[in-house]
Amino acid sequence: MIRKLATATAAVAAALVLAVPSAADAATDEYAGVGSDTTQDVMRALSEEYSLDNPDYLWTSIDAGSTSQTIQNLGTCPGVTYSSGNPAPNGSSAGIEALLLGTNNCIDYARSSRALKPAETASLTAVRLGGDSVTWSALPQANGGYAPNPMNLTLAPADVTDTLRKIYKCEITNWSQVPGGKAGGGDIVRYYPQTGSGTRDFFTNSVLGFDPTILSTGSCTTAPKIVQENRGSAVLPADRATAILPYSKAAWTAQANSSITGVPDNRAQFALGTINGIAAGANGFVGNREVFNVYKTATAPQTLKDFLNWAAAQNTIKATYGFTP
C-alpha cells in the first residue's frame with residue numbers, strides 16, 4: 001500500500017516542503033531536489049513515502065518555479081527561501097544548471113524530463129526514474145473545441161500530410177484544414193512550454209525536429225504563446241477552443257487522478273491527441289521518453305544515491321502519477 005497516498009491525500013496536496021514534521025527538529029541534513037515540472041509531483045510523493053522509514057534526514061522536492069518553499073539551514077546549506085524575487089529553478093535545464101552552479105550546497109539533485117546532454121555527462125550522473133510520453137493536446141469537439149475528431153495529427157515520414165509540423169510552422173492555420181477538424185474553422189493558437197523546460201526540449205528535438213519559437217523555421221509571423229508546461233488552464237480562456245499545447249502524458253494522468261494524488265487538475269478539459277494514429281505511451285509512439293533524477297558524480301553521498309535508486313523502483317506510486325516502470 002502507498003501509505004501517504006492512502007491516508008493523506010489532502011496533506012500531499014498542501015505540502016510545500018517534503019518532510020515528516022516530527023522528524024524535522026531531529027534531522028541532521030536535508031536532501032533537496034529542483035527542476036522538472038513534469039516529475040515534481042511524483043517526487044513529492046516519493047519523498048514523503050521514503051521519509052517515513054528514513055527520518056534522520058529531510059527529503060525535499062521543490063516545485064518548479066516555486067515562490068514560497070524553503071530548503072532548511074542544515075548540514076552545509078545555509079538555507080534558501082524561494083520568493084517572487086528569487087524563484088526556484090523552473091524546468092529540467094534550469095534545475096540541472098542550478099545543480100552545476102552549486103547554489104550554496106543547498107541543491108542535491110535535479111529532476112529532469114530529458115536526458116543529459118553530452119557536456120553534462122562529464123560531471124553528472126542520471127538515474128532513470130521511469131517512462132513518460134509527450135504529445136499534443138487540445139480541447140475536443142465534445143468540449144467545445146475545433147480540434148479533429150478523432151483527435152489525431154500526423155508526422156512525416158510515417159504520414160506525408162505532416163499536419164503537426166505544419167501547424168507549428170503556420171502552414172496550417174485553421175482547424176478546418178485538418179482532416180476531422182470542425183467545420184467553420186477556428187484559427188489555431190499555438191502554445192509552447194517555458195524556457196528551461198525538459199518537455200519543451202524533448203518536444204522540439206524529438207517530436208517536431210525544429211524550434212517553433214524561431215520564426216525562420218516556418219511561415220509564422222508571430223512566435224507561439226509561452227506558458228508554464230502541462231497546464232491547459234494556462235491557456236487564455238478566449239484561446240482554449242482553438243489552442244494546441246504540448247503535454248506530458250504523466251502530468252495529464254496525475255492531474256486526472258487528482259482525488260488520489262492531490263495534484264491540482266489543470267487540464268481545463270484539454271485531451272491528449274494521437275500522432276499517426278498511435279496513442280501516447282503505446283509502442284512505436286514518437287513522443288515516448290525517459291525521465292531522470294540527476295546528481296553530481298564526484299560528490300553525491302551514498303545516502304542520496306540510495307534514495308534515488310529506491311525511487312526508481314517504486315512502480316506502484318509512479319503509475320498513479322502516470323509513469324511507466
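Cys-106 is buried, at a relative accessible area of 2%. Buried here means under 20% relative accessible area, exposed over 50%, and partly exposed in between (1.4 Å probe, protein chains only). The model is predicted, so local features need pLDDT of at least 70, side-chain atom pairs count only at pLDDT 80 or more, and totals for chains, interfaces and linings use all residues. Residues are numbered from 1 along each chain as its sequence is written, and side-chain values use heavy atoms, with hydrogens and water left out.

**Disulfides**

The bonded partner of Cys-106 is Cys-77. Cys-77 is also buried, with a relative accessible area of 5%. A disulfide is a pair of cysteine sulfur atoms within 2.5 Å. A search of the whole structure finds 2 of them.

| Pair | S to S | About the S-S bond | Hand |
|---|---|---|---|
| Cys-77 and Cys-106 | 2.0 Å | 95° | right-handed |
| Cys-170 and Cys-220 | 2.0 Å | 100° | right-handed |

Cys-170 sits in the loop between α6 (163-168) and β8 (189-193), and Cys-220 in the loop between α7 (198-208) and β9 (225-227), so this link ties together parts 50 residues apart in sequence. Helices (H or I, at least four residues) and strands (E, at least two) are DSSP runs, numbered from the N terminus. Cys-220 counts as buried, at 10% relative accessibility. With the bonded cysteines numbered in sequence order, the pairing is 1-2, 3-4. The link of Cys-77 and Cys-106 joins distant parts of the chain, 29 residues apart. Cys-77 lies in the loop between β3 (70-71) and β4 (80-81). Cys-106 lies in the loop between α5 (92-101) and β5 (109-112).

**Helix α5**

Which residues of α5 are buried? They are Ser-92, Gly-95, Ile-96, Ala-98 and Leu-99. These residues cover an arc of only 160° around the axis, so they lie on the same side of α5. The arc is that of the directions from the helix axis to the C-beta atoms. Their cover includes β1 (29-35), β5, β6 (124-138), α7 and β13 (288-296). Contact means heavy atoms within 4.5 Å. Gly-102 follows α5, with a positive phi near 100°.

**Strand β6**

β6 is mostly covered, with 12 of its 15 residues buried. Two strands pair if DSSP finds at least two bridges between them. β6 runs antiparallel to β13, joined by 9 bridges. There, Ser-133 has Asn-288 as its bridge partner. β6 is also antiparallel to β10 (residues 243-248), with 4 bridges, and to β11 (residues 271-272), with 2 bridges. Ser-137 has Leu-245 as its bridge partner in β10. In β11, Ser-137 stands opposite Leu-272.
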